[in-house]
Amino acid sequence: MKNIVEAKNLSKSYFKKKALDNLNLTIPEGQVLGLLGPNGSGKTTFIKILSGILSQSSGDIIIDGNIPGAYTKSVVSYLPDKNYLYKWMTVNDAILFFKDFYSDFDEVKSYELLSFMKLDKNSKVTSLSKGMSEKLNLTLVLSRKAKLYVLDEPIAGVDPVAREKILDAIINNYNKDSSMIITTHLVRDIERIFDHVSFISEGKIILSGNAEELREEKGRSIDELYRDVFGEQ
């Protein structure tokens, strides 16, 4: 099986503080990876390097056989943990913006997802609730025909009903030949969609494996294992 991502001895420092410390991680094609760790563990730094927003200080990262650059940006669809749409936009403006910006954007699929999410295309983005904004952002990201989807806290701060809608959209609408990385603190709610999980701490992968095999080996859910490893209640 081909790996969509290969990171070897990847390091990133900010003012002598290491956000990533010789991190090693491979992600196979067609897999959903849960990248799990507490705040400050290096998750966001890693996915920003994947998305071409940051560059590593040392080490190597290969995405679909290429070092980060124009090509890899064209095959990675990134959902950041902060809203990035212009305040003047309507939902439909956001759709047209993505259509113009990304050659792999599927406009038909985007309107199907809007309907599934029960979003009005004429609504102003500033009028949307937290949950509705998350649904819109996910609609935009999943409407691309990307090889790698990177979702940073896709269900953070939304109510349980919106959470289920978002998870259903992720499961049913992303390209099954592609791969996906999801970071989350809400492990219990989302672990059912993980094929693999990697626990990250202080910029290093400290535990990684097939999700179902880890459950059987440890006799714990991924959420329980997360709490054991990081001591979070």
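Which residues form one aromatic cluster? They are Tyr86, Trp88, Phe97, Phe98, Phe101, Tyr102 and Phe105. Keep in mind that this is a predicted model. Below is a quick tour of the rings, the cores, the sheet and one glycine.

**Aromatic rings**
- The count of aromatic pairs comes to ten.
- One of them is Phe97 with Phe101: the ring centres sit 5.9 Å apart and the planes meet at 20°, so this pair goes down as stacked.
- Both of these residues belong to helix H3 (residues 91-101), where they are four residues apart, about one turn of the helix.
- Phe97 has 32% relative accessibility and so counts as partly exposed, while Phe101, at 57%, counts as exposed.
- Phe98 and Tyr102 make a tilted pair, because their planes are at 50° with the ring centres 5.2 Å apart.
- Phe98 is buried at 4% relative accessibility, whereas Tyr102 is partly exposed at 24%.

**Charges over rings**
- Tyr102 also has Arg144 lying over its face, at 4.0 Å from the ring centre.
- Lys165 does likewise with Phe116, lying over the ring's face at 4.4 Å from the centre.

**Nonpolar cores**
- In soluble globular proteins, nonpolar side chains tend to be buried together.
- Here the largest nonpolar core holds 46 residues, and the members touching the most others are Leu136, Leu138, Ile170, Met180, Ile182 and Phe194.
- Take Leu136: leaving out residues up to four places away in sequence, Leu136 touches Leu85, Val91, Leu114, Leu119, Val125 and Leu128.
- Another core, of 23 residues, lies apart from that one, and its members include Ile4, Leu35, Val76 and Tyr78.

**The sheet and its helix**
- Six strands make up an open sheet with mixed pairing, in the order S5-S6-S7-S3-S8-S9.
- Its edges are S5 (76-79) and S9 (204-210), each of which pairs on one side only.
- On average, neighbouring strands in this sheet are turned by 15° against each other, ignoring direction.
- S3 (residues 32-36) runs parallel to S7 (residues 179-183), and four bridges join the two.
- Leu33 stands opposite Ile181 in S7.
- Helix H5 (residues 130-142) lies across S5, S6 (148-152) and S7, and runs at about 175° to S5.

**A look at Gly59**
- Gly59 is found in strand S4 (residues 58-63) and, with 28% relative accessibility, counts as partly exposed.
- Ala7 is 52 residues from Gly59 in sequence, yet their C-alpha atoms are 7.8 Å apart in space.
- Setting aside neighbours within four places in sequence, Gly59 is in contact with Lys8, Asn9 and Leu10.

Key:
Residues are numbered from 1 along each chain as its sequence is written. This is a predicted model: local features need pLDDT of at least 70, side-chain atom pairs count only at pLDDT 80 or more; totals for chains, interfaces and linings use all residues. Side-chain values use heavy atoms; hydrogens and water are left out. A nonpolar core is a set of buried Ala, Val, Leu, Ile, Met, Phe, Trp, Tyr and Cys residues joined through side-chain atoms within 4.5 Å. Buried means under 20% relative accessible area, exposed over 50%, partly exposed in between (1.4 Å probe, protein chains only). Contact means heavy atoms within 4.5 Å. Two strands pair if DSSP finds at least two bridges between them. Axes are lines fitted to C-alpha atoms, for helices over the stretch in contact, and angles run from 0 to 180 degrees between N-to-C directions. Rings of Phe, Tyr and Trp (its six-membered ring) pair if their centres lie within 6.5 Å; planes under 30 degrees apart count as stacked, over 60 as edge-to-face and the rest as tilted. A charge sits over a ring if NZ of Lys or CZ of Arg is within 6 Å of the ring centre and within 35 degrees of the ring normal.
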